[in-house]
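Dear colleague,

I am passing on the structure below, together with some notes on what I found when going through it. Please read the notes with the coordinates open beside you.

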Amino acid sequence: MKAARLPQMEKAMDAPSPDVRLFLLYGPDEAGSMALVKRLERAMGDQAERIDLDGATLRGDPARLADEAASLSMFGDRRWIRVSGAGEESVAAVEALLTAPQAGNPVVIVAGAIKATSKLAKLCLDHPAALAYASYAPDDKDAAQIVAGLARERGLRLTPDLVRRIAEAAGNDRALMAGEVEKLALYCDATPEQPANASAEAFDALSAEAVEADVGPLVNAVFGGDIDTLHHELSMMAASGTALASVTRPLIARATLIGQIHAEAERSGLDRAIEAMGRAIFWKDKPAVQRQARAWPLDSVARLMHRLLEAERATRDSRGPGDIAVRQTLLAIARQAARSRG
């Protein structure tokens, strides 16, 4: 089945029905898909056992998915299965799950930027025991509604102008918008039981907009495959004591922009799609963005976004690798861009 609208999919993830064995999340906005996965995780509860699989595992053992969906938790708690990096190699496993005599444990598959005409998507869209939803990067209106909804859930009162600023600062990325709202709610001590007003001053104090370093050259070096410039920019940041956490947001915003360009290009062509982005592309960056959109095809944008989000999450974990993980990720992305450039 197809979930036509985001609220329908959110409702289904918040209270998973036993009639739905499988949730398929696909589309270029992987951050949007992961936000839906988080809703299912909350619905299952902190004590639920999560089984993580991937497309390669399902290709080698197509019966594994149905077996896991029918198995009881060894601890007696609730159980659910998350599959990442799935594609056409997972079709046999999904068919086995949907035709099995019983299931019981919900399965969510994050498939990235596959098309609705792919075998995996068609199988789930046509089957009554599956619910499929395609995530696309929200436009400005949708992003504002998402921010406002996230704020209401946390008891945070925002002015329309602050809603717009949060969406713009996050590049309309769902995961980043959620992070901004969460930080602001904690800063303002807001809860659903005790709502609080957020001020522009509070947002300014927390926002990455306050970072003074100009990371534009670094962003273009990463996505353009300019290794020498990237090493130079990283050295300059290290010398100034600037944390690499400050560059993840602009990089994710650029990856989101490239995904939006490709989504529009399917209807109007790449050059017109870039023009349609309007002020989202700074005029000086337009030639670089054109080259980057050609270097990073749509099927690679979801993987690119996933790597950047992992790096961004690493900067939030005080026990994690932090700057080392970001540096390694940026160099790996730049090398891949350099190879594709020839």
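**Glycine 55 and its surroundings**

Leaving aside its neighbours within four places in sequence, glycine 55 is in contact with Val83, Ser84, Gly85, Ala86, Glu89 and Ser90, where contact means heavy atoms within 4.5 Å. This glycine lies in helix α3 (residues 55-60), helices being DSSP runs of H or I of at least four residues and strands runs of E of at least two, both numbered from the N terminus. Glycine 55 is buried, its relative accessible area being 1%; buried means under 20% relative accessible area, exposed over 50% and partly exposed in between, with a 1.4 Å probe and protein chains only. Between the C-alpha atoms of glycine 55 and alanine 96, which are 41 residues apart along the chain, the separation is 14 Å.

**Basis of the values**

Please keep in mind that this is a predicted model, in which local features need pLDDT of at least 70 and side-chain atom pairs count only at pLDDT 80 or more, while totals for chains, interfaces and linings use all residues. Residues are numbered from 1 along each chain as its sequence is written, and side-chain values use heavy atoms, with hydrogens and water left out.

**Other single residues**

Serine 33, in helix α2 (residues 30-44), is likewise buried, with a relative accessible area of 1%. Not counting residues up to four places away in sequence, serine 33 touches Leu25, Tyr26, Val110 and Ser135. In helix α8 (residues 160-169), the buried residues include Leu162, Val163, Arg165, Ile166, Ala167 and Ala169, and the helix is followed by glycine 171, whose phi is positive, near 60°.

Most residues other than glycine have a negative phi.

**Helix packing**

Two packed helices are described by the angle between their axes and the distance between the axes. Here the axes are lines fitted to C-alpha atoms, for helices over the stretch in contact, and the angles run from 0 to 180 degrees between N-to-C directions.

Helix α13 (residues 245-268) packs against helix α17 (residues 323-341) at an angle of about 40°, with the axes 10 Å apart. That makes α13 oblique to α17, since angles under 35 degrees count as roughly parallel, over 145 as roughly antiparallel, 65 to 115 as roughly perpendicular and the rest as oblique. The crossing of α13 past α17 is left-handed, a term that applies if the near helix is turned anticlockwise from the far one by less than a right angle, with right-handed meaning clockwise. Ala245, Val247, Thr248 and Leu251 of α13 make the contact with Asp323, Val326 and Leu330 of α17. These residues divide into 5 nonpolar, 1 polar and 1 charged, where Ala, Val, Leu, Ile, Met, Phe, Trp, Tyr, Cys and Pro count as nonpolar, Asp, Glu, Lys and Arg as charged, and the others, Gly among them, as polar.

The axes of α11 and α13 come within 10 Å and cross at roughly 50°, and these two helices are therefore oblique to each other. α11 passes α13 in a right-handed crossing. On the α11 side the contact is made by Leu218, Val219, Asn220, Val222 and Phe223, and on the α13 side by Val247, Pro250, Leu251, Arg254, Ala255 and Ile258, which divide into 9 nonpolar, 1 polar and 1 charged.

**An aromatic pair**

Rings of Phe, Tyr and Trp (its six-membered ring) pair if their centres lie within 6.5 Å, with planes under 30 degrees apart counted as stacked, over 60 as edge-to-face and the rest as tilted. By this rule the count comes to 1 aromatic pair. The rings of phenylalanine 223 and tryptophan 296 have centres 6.4 Å apart and planes at 85°, so the pair is edge-to-face. Phenylalanine 223 belongs to helix α11 (residues 216-224) and tryptophan 296 to the loop between α15 (286-295) and α16 (298-316), so the pair ties together parts that are 73 residues apart in sequence. Both phenylalanine 223 and tryptophan 296 are buried.
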